[in-house]
There are 2 protein chains.
Amino acid sequence: MANISSPTETERCIESLIAVFQRYAGQDGHGLTLSKKEFLNFMNTELGAFTKNQKDPGVLDRIMKKLDLNSDGQLDFPEFLNLIGGLAQACHESFINRVR
Amino acid sequence: MANISSPTETERCIESLIAVFQRYAGQDGHGLTLSKKEFLNFMNTELGAFTKNQKDPGVLDRIMKKLDLNSDGQLDFPEFLNLIGGLAQACHESFINRVR
């Protein structure tokens, strides 16, 4: 029997990105993209700490517009990954500035 | 006392991306970038299942060259995120093709 080792931290992270995207993208039965409603639901649930900290009520609309590269009113998985990447870079920069 | 809720799956994933990058980037004491050696160590340890499946021994060199956008022989965090994003997209596509 092949030795199936448990997933590494990086593999679990990639699995999570796919699982979270599918969980929110599938809510309207069309599981390939996040509609505006699904995106807002994702931001308020998965990133509530970030979202509640935003003073400007229009910030989520602007984030969605910026991410929606092909302007189809939906976020596909690559566009979703750009959101995660942007947040991870912001967190990494603040982490680096704290340890300097 | 403010109610500090446990991190969501997305927050844990972002934390993991930073923690894993710092774990390998810091091995040479210079914790801001992955050297070639640190990148190979990361690929063989964190993504061993992917790496061992590659028939071509030169594939990791080509991946590093492709990711190293500013050709400084190092991978910074944004360049590292492009690797994770590329792998996540490949996994997502195979996931979608399986459920179709």
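The entries below follow the order in which I looked things up.

**Ground rules.** I am working with a predicted model, in which local features need pLDDT of at least 70, side-chain atom pairs count only at pLDDT 80 or more, and totals for chains, interfaces and linings use all residues. I number residues from 1 along each chain as its sequence is written, letter chains from A and number ligands from 1 in the order in which they are written, and take side-chain values from heavy atoms, with hydrogens and water left out.

**Chain A overall.** I found 5 helices and 0 strands in chain A, where helices (H or I, at least four residues) and strands (E, at least two) are DSSP runs numbered from the N terminus. Read from the N terminus, the elements run α-α-α-α-α, and the C-alpha trace spans about 55 × 45 × 25 Å along its principal axes. Of the 100 residues of chain A, 42% count as buried; buried means under 20% relative accessible area, exposed over 50%, and partly exposed in between, with a 1.4 Å probe and protein chains only. I also noted that, among contacts in chain A between residues at least 6 apart in sequence, 45% join residues at least 24 apart, a contact being heavy atoms within 4.5 Å.

**Salt bridges.** How many salt bridges does the structure hold over all chains? I count 8, using the criterion of a side-chain nitrogen of Lys or Arg within 4 Å of a carboxyl oxygen of Asp or Glu.

I looked up A:Arg23 and B:Glu9, whose side chains meet in a salt bridge at 2.6 Å, N to O. This pair crosses between chains, from helix H1 (residues 9–25) of chain A to helix H1 (residues 9–25) of chain B. A:Arg23 is partly exposed, at a relative accessible area of 41%.

Next I took A:Lys36 and A:Asp61, which form a salt bridge at 2.8 Å, N to O. A:Lys36 lies in helix H2 (residues 36–46) of chain A and A:Asp61 in helix H4 (residues 59–67) of chain A, so the pair ties together parts that are 25 residues apart in sequence. A:Lys36 is partly exposed at 33% relative accessibility, and A:Asp61 is partly exposed at 34%.

B:Glu46 is buried, with a relative accessible area of 6%, whereas B:Arg23 is partly exposed at 39%. I noted as well that A:Glu9, B:Arg23 and B:Glu46 are linked in a network of salt bridges.

**Helix crossing in chain B.** The axes of H2(B) and helix H4 (residues 59–67) of chain B come within 11 Å and cross at roughly 120°; axes are lines fitted to C-alpha atoms, for helices over the stretch in contact, and angles run from 0 to 180 degrees between N-to-C directions. I therefore record H2(B) as oblique to H4(B), since angles under 35 degrees count as roughly parallel, over 145 as roughly antiparallel, 65 to 115 as roughly perpendicular and the rest as oblique. Among the residues that meet here are B:Phe39 and B:Met43 in H2(B), and B:Ile63 and B:Leu67 in H4(B).

**A:Thr10.** Is A:Thr10 buried or exposed? I found A:Thr10 in helix H1 of chain A, and at 4% relative accessibility A:Thr10 counts as buried. Leaving aside neighbours within four places in sequence, A:Thr10 is in contact with B:Val20, B:Phe42, B:Glu46, B:Leu47 and B:Ile84.
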